[in-house]
Amino acid sequence: MLGNLKRSTAYGALATVSLGWLGLSGLGVSQSWASQVADSVAPEYSSGLEEKQLVTANDWMVTAANPIATQAGADILAQGGNAIDAMVTVQLMLGLVEPQSSGIGGGAFLVYWDAKSNQLTTFDGRETAPLNATPKLFLDQSGQPLKFFDAVVGGRSVGTPGTVKLLWDTHQKYGKLDWKTLIEPVIKVAEQGFEISPRLATLIERDQKHLSRFDTTKAYFFDEQGNPKAAGTRLKNREYAQTLKAISDKGADAFYQGEIAQNIIDTVQNAPGNPGVLAQVDFDAYQIKQRSPVCSDYHGYQVCGMGPPSSGALTVGQILGMTEHFDLEKWGPKDPRSWQVIAEASRLAFADRGLYMADEDFVPMPTQGLIDKTYLADRAKLITVAKHWKPLLPEPHHGAMR
């Protein structure tokens, strides 16, 4: 994620186990309360909302979480690159400018439309658990589950990274421009520096405790006086540039074999206070898996996305399938009944997510059954619409919140 992954013990590890908390805001919870709940256990703090201007396009569009990455992708398309080319540059740039969320130290999913074959497919580049992982990996000496951040921050939670291999494999199959051309602009920004975004600055400040535990992250994210670097500060990452130069020259092998892989393994296995078990055998065995997408019918449209081990397409498909039994179009977005139905459908879908959804390579899963029309109709019957419904929840216990 950061440079040669010697920094992976902090933000790199967090990225590999990031959890989805979008469902909290749809359960009739006030935004501030949901934010506090999510921040108490989630690996990435919320930093507020910012209203954006609606943008439309006729032919193509690049969207990413940071404008530097968005512009880099647009530049690749302007040079004659295709969507896969732009994806490679955008993802590598995100690993530089938003290290709290993205990076080559983690994994990725790709949903790809192949216009030539008129086919939608997906690629699973999710991190995999080390082969030496055991059921006791996240238990303390007394056999009790570790607290969230005790388990996450360090080497213990680091899985086999998949992002670099996903970028390489899909570019080899679908890419148009030369591989080095795609990485060159990211190397340039890493060497010349970029301005820390307000969001990154907020997260550095709020995550001081964890980032200051390790010398490399402390040196990168804090100034000489030990203060978190502020928004607008120019941040250079020459180590990341060197890593990308190696990947540019030798492809994914540069990352999964040799010095870079060994640096990652050494960092993980020797993380102070929380060592992990990642080993070279995990890098040697890692493979990208091409999978069929999961598609749900919604008012005549096919809504498709990544299937297991991702829960995204199934959960969204369930929510849409349940809400389809209510007249949301007639009620409109300002009617409390619309929000109640969406909230209750989300609650039911996330209950199914927790009970049924897993990595179907290892756990039998009723994938199609979860989005079966009859099943979702039965689930929708559990939603009783109240005309004057109001979201009522007890105040959070402030002692348990940040």
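**Figure 1. Asn118 in the loop between strands S1 and S2.** Asn118 lies in the loop that runs between strand S1 (108-114) and strand S2 (119-125), where helices (H or I, at least four residues) and strands (E, at least two) are DSSP runs numbered from the N terminus. The model is a predicted one, in which local features need pLDDT of at least 70 and side-chain atom pairs count only at pLDDT 80 or more, while totals for chains, interfaces and linings use all residues. Residues are numbered from 1 along each chain as its sequence is written, and side-chain values use heavy atoms, with hydrogens and water left out. The phi angle of Asn118 is near 55°, a positive value in a residue other than glycine. Asn118 counts as exposed because its relative accessible area is 57%; on this scale buried means under 20% relative accessible area, exposed means over 50%, and partly exposed lies in between (1.4 Å probe, protein chains only).

Figure 2. Thr122 is placed in strand S2 and is buried, with a relative accessible area of 0%. Contact here means heavy atoms within 4.5 Å. Leaving aside neighbours within four places in sequence, Thr122 is in contact with Leu110 and Val111, with Lys289, Gln290, Arg291, Ser292 and Pro293, and also with Gly305 and Met306.

Figure 3. His299 is found in the loop between strand S6 (294-298) and S7, and has a positive phi of about 50° although it is not a glycine. Pro309 has its place in the loop between S7 and helix H15 (312-323), and a cis peptide bond, with omega about 15°, joins Pro308 and Pro309.

**Figure 4. A nonpolar surface patch that includes Val303.** Tyr301, Val303 and Val316 make a nonpolar surface patch of about 290 Å². Patches are made of residues with over 30% relative accessible area and no salt bridge, like charges being joined within 9 Å and nonpolar side chains (Val, Leu, Ile, Met, Phe, Trp, Tyr) within 5 Å; a salt bridge is a side-chain nitrogen of Lys or Arg within 4 Å of a carboxyl oxygen of Asp or Glu. Accessible areas come from the Shrake-Rupley method with a 1.4 Å probe, and for residues only the protein chains shown count as cover. Val303 is found in strand S7 (residues 301-305) and counts as partly exposed because its relative accessibility is 31%.

**Figure 5. Phe194 and Thr233, with the residues around them.** Phe194 has its place in strand S3 (residues 194-195) and is buried, with a relative accessible area of 3%. Not counting residues up to four places away in sequence, Phe194 touches Ile68, Leu96, Val97, Val189, Leu200, Tyr220, Thr233, Arg234 and Leu235. The C-alpha atoms of Phe194 and Leu235 are separated by 5.4 Å, although these residues are 41 residues apart along the chain. Thr233 is found in the loop between helix H10 (215-221) and strand S4 (234-235), and counts as partly exposed at 28% relative accessibility. With neighbours within four places in sequence left aside, Thr233 is in contact with Phe194, Glu195 and Ile196, and its C-alpha atom is separated by 5.3 Å from that of Glu195, 38 residues apart along the chain.

**Figure 6. The largest nonpolar core and a separate one.** A nonpolar core is a set of buried Ala, Val, Leu, Ile, Met, Phe, Trp, Tyr and Cys residues joined through side-chain atoms within 4.5 Å. The largest such core has 58 residues, and those with the most contacts inside it are Leu92, Leu96 and Phe255. Helix H4 (residues 83-97) gives the most to this core, with ten residues. Apart from it lies another core, of twelve residues, among them Trp331, Val341, Leu348 and Ala380. Beyond its neighbours within four places in sequence, Leu96 is in contact with Val186, Val189, Ala190, Phe194, Tyr220, Asn237 and Tyr240.

**Figure 7. Helix H3 and what covers it.** Helix H3 (residues 67-78) has twelve residues and reaches 16 Å from its first C-alpha to its last, close to the 16 Å expected at 1.5 Å a residue, the expected span being 1.5 Å times one less than the number of residues. The buried residues of H3 are Ala69, Ala72, Gly73, Ala74 and Ile76, and what covers them includes H4 and helix H7 (179-192).
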